[in-house]
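Colleague: Please take a close look at one part of this model and describe what surrounds it.

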Amino acid sequence: MPDDPNKFPLIGRLLLWVDRPGSANKLFWILGAICLGLFLYDFTFEKHGHFEMEHLPGFFGVFGFIAFAAVIFGAKALRVLIKRPENFYADKAIDSEDYPASGLDKVDHDA
């Protein structure tokens with residue numbers, strides 16, 4: 001039986017639409033519209049940057065996207081270098097130690 005939405009806090013009731021089918025597409029298009037609006041807004045004012053490329057419309061959005069993508073791809077490349085096999089610690093791991101049979105007896109602490 002699903003939870004009663006009337007018992008949810010106010011913010012939970014306001015965000016119930018996110019869980020409905022098709023909401024992910026709506027969020028995607030809303031985010032795309034916001035990004036497009038911010039890109040177009042970049043044409044409406046004069047910029048006073050230190051470098052000439054900072055005057056290009058949308059420069060900071062494109063720069064941020066490229067920097068974020070570089071971090072992701074750098075992390076993937078770094079993973080190849082520092083990845084270890086699953087049994088890397090094998091005999092040094094605590095869970096690989098044999099537990100003494102005398103310690104496996106059931107003990108009644110209520111007695």
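**A helix and the pocket beside it**

Modeller: Helix α3 covers residues 59–82, which makes 24 residues, and from first C-alpha to last it reaches 34 Å, close to the 34 Å expected at 1.5 Å a residue. The model is a predicted one. Of the 24 residues of α3, 2 are buried, so the helix lies largely in the open.

The helix also takes part in the largest pocket, where it gives the most to the lining, with 4 residues. α2 is a contributor too: α2 and α3 each supply at least two residues of that lining. The residues around the largest pocket are Leu38, Phe39, Asp42, Gly58, Phe60, Gly61, Val62 and Phe65. Sorted by class, this lining holds 5 nonpolar, 2 polar and 1 charged residues; Gly is counted as polar here. The space in the largest pocket comes to about 220 Å³.

Phe45 sits in the loop between α2 (23–41) and α3. Its relative accessible area is 38%. Buried would require under 20% and exposed over 50%, so Phe45 is classed as partly exposed. Between Phe45 and Pro57 there are 12 residues of separation in sequence, and their C-alpha atoms lie 9.9 Å apart in space.

To put the parts together: α3 is a helix of 24 residues that lies largely in the open, yet α3 gives the most residues to the lining of the largest pocket.

Definitions and conventions
Residues numbered from 1 in each chain as written. Predicted model: local features only at pLDDT ≥ 70, side-chain atom pairs only at ≥ 80, totals over all residues. Heavy atoms only, no water. Expected span 1.5 Å × (residues − 1). Buried < 20%, exposed > 50% of the residue type's maximum accessible area, 1.4 Å probe, protein only. 1 Å grid on protein atoms, 1.4 Å probe; cavity = no way out; pocket = protein on both sides within 12 Å on 5 of 7 lines; lining within 4 Å. Points joined across faces, edges and corners; volume = space filled by probe spheres on them.
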